[in-house]
Amino acid sequence: MHLKFSLTRDDEFVLIKRFLNDDTTHQTLLSLHISDESLSVLVSDLEIQSFIDETPYYHVPKLMGSCNGIICLFYYDNFILFNPATRQIRIIPPHPPCPEDFFRIRACWGFGFDTATNDYKIVIISRLEIENPLDDIDIEILNHDLNLNEARIYSLRMDSWKELDYVPPIIHSFRPRGFDLFFNNRIHWTEWAPYILSLDISTEVFHKFGYPKANKTSSDKRDFESLTVINDTFTLISYDSYGSSNPPFFEQFIDVWIMKEYGNEESWSKQYSIGPFTGISRPISIWKNNRIFLEKVVGGYLDRDELVQLAACDLFNCEQLLIYNNIHGKCEFSMEVVFYKETLVSIARN
């Protein structure tokens with residue numbers, strides 16, 4: 001039975017994932033909201049906790065995204081697909097174990113819908129590390145020289161993983177922040193500084209293009225980047241970090257760049273520069289093309305015991321933050337927002 005609150009099959013809703021904890025319970029909540037400024041609650045708890053173990057304090061499930069009505073979560077070593085409309089759940093089979101004497105560091109992942117084959121796909125990119133290197137070997141140099149990176153892609157239609165022939169070297173290790181972007185049939189990541197990496201999930205070919213030059217060279221360059229879409233245009237959000245390396249409530253700024261011609265790094269154009277803000281851990285996503293969701297820290301310092309709230313502001317007029325006092329959680333970088341349209345597509349195994 002599909003969700004009874006749906007008005008039309010084209011309605012878009014807002015899905016919010018957050019982490020709550022008290023002295024005895026660590027819990028991840030996924031709630032569904034009307035897509036207007038009020039974010040009125042439609043379903044307060046989609047009960048994802050019922051199909052994962054109790055959430056460890058140090059390992060909050062990651063909401064990878066929503067694509068054609070299907071939600072993808074990453075938890076421990078498991079990928080989980082979930083259809084909120086039908087309440088169907090599918091646990092994805094684990095990918096093959098590491099070779100002997102190696103361990104795997106998961107660098108990044110992605111989720112998308114392959115329009116060429118009508119197939120949902122998951123991608124995971126990892127780095128293999130030698131488990132017990134010899135003392136006289138510089139392990140960083142060895143791992144770099146061997147390029148011990150791997151990329152695997154899962155097909156829901158085939159219900160299996162396959163390894164890709166090539167993945168570019170991983171330059172930066174994984175940094176906790178908003179998930180990366182599925183756009184134009186490609187999954188995109190900002191891990192591969194000094195360029196953005198993408199994978200076409202139909203051709204299984206990697207591509208890359210550069211960041212805005214001013215964002216990497218000017219004196220006011222930002223620390224972190226995330227990706228989103230404005231008016232069907234590929235968009236980069238560049239922002240200042242917040243944490244132990246900076247004083248509490250230092251002034252932060254956010255720049256928003258659009259790529260006027262997708263794939264052409266010379267076509268980057270800065271559309272907005274907003275701020276200053278204080279106490280923002282990170283921007284989360286762009287909403288309705290003109291508003292930005294933010295994760296705001298309530299206390300003085302950002303740590304695992306800190307309360308975080310959802311906030312928003314208008315890209316055209318950011319003088320005042322809208323704070324959603326009823327949408328809050330614990331643990332930095334744990335709040336995530338995606339946009340969802342209902343589907344009755346089955347994800348059950350035949």
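What follows is a working chat about the sheet, core, pocket and cavities of a predicted model.

Me: Let's start with the open sheet of four strands; what order do they come in?
Reply: The strands run in the order 16-17-18-19, and their pairing is antiparallel. The model is a predicted one, which applies to everything said here.

Me: And which are the edge strands?
Reply: Strand 16, covering 224-230, and strand 19, covering 268-277, are the edge strands, since each of them pairs on one side only. From one strand to the next, the twist averages 25 degrees.

Me: How many bridges are there between strand 16 and strand 17?
Reply: Strand 16 and strand 17, the latter made of residues 233-239, pair over seven bridges in the antiparallel sense. As one example, isoleucine 230 has threonine 233 in strand 17 as its bridge partner.

Me: What holds strands of a sheet together in general?
Reply: Strands of a sheet pair through backbone hydrogen bonds, and the pairing can be parallel or antiparallel.

Me: Switching topic, which residues of the largest nonpolar core touch the most other members?
Reply: That core has 18 residues, and Met64, Phe79, Leu81, Phe111 and Ile122 are the ones that touch the most other members. Two or more core residues come from each of strand 4 (62-67), strand 5 (70-75), strand 6 (78-83), strand 8 (102-114) and strand 9 (119-130).

Me: Now the largest pocket, how much space lies in it?
Reply: The largest pocket holds about 1000 Å³ of space. Its lining is made up of 35 residues, with Ser66, Leu181, Phe182, Val229 and Phe339 nearest the centre.

Me: Which strand gives the most to that lining?
Reply: Strand 24 gives the most, with five residues. The elements that contribute two or more residues to the lining of the largest pocket are strand 4, strand 8, strand 12 (181-183), strand 16, strand 20 (280-287) and strand 24 (336-341).

Me: How do the lining residues divide into nonpolar, polar and charged?
Reply: For the largest pocket, 19 of the lining residues are nonpolar, eleven are polar and five are charged.

Me: What lines the second largest cavity?
Reply: Its lining consists of Tyr239, Asp240, Gln252, Phe253, Ile254, Ile280, Ser281, Arg282 and Pro283. Strand 18 (252-259) and strand 20 each give two or more residues, and strand 20 gives the most, with four.

Technical notes
Residues numbered from 1 in each chain as written. Predicted model: local features only at pLDDT ≥ 70, side-chain atom pairs only at ≥ 80, totals over all residues. Heavy atoms only, no water. Pairing = 2+ DSSP bridges. Axes fitted to C-alpha atoms, helices over the stretch in contact; angles between N-to-C directions. Core = buried A, V, L, I, M, F, W, Y, C linked by side-chain atoms within 4.5 Å. Buried < 20%, exposed > 50% of the residue type's maximum accessible area, 1.4 Å probe, protein only. 1 Å grid on protein atoms, 1.4 Å probe; cavity = no way out; pocket = protein on both sides within 12 Å on 5 of 7 lines; lining within 4 Å. Points joined across faces, edges and corners; volume = space filled by probe spheres on them. Nonpolar A, V, L, I, M, F, W, Y, C, P; charged D, E, K, R; others polar.
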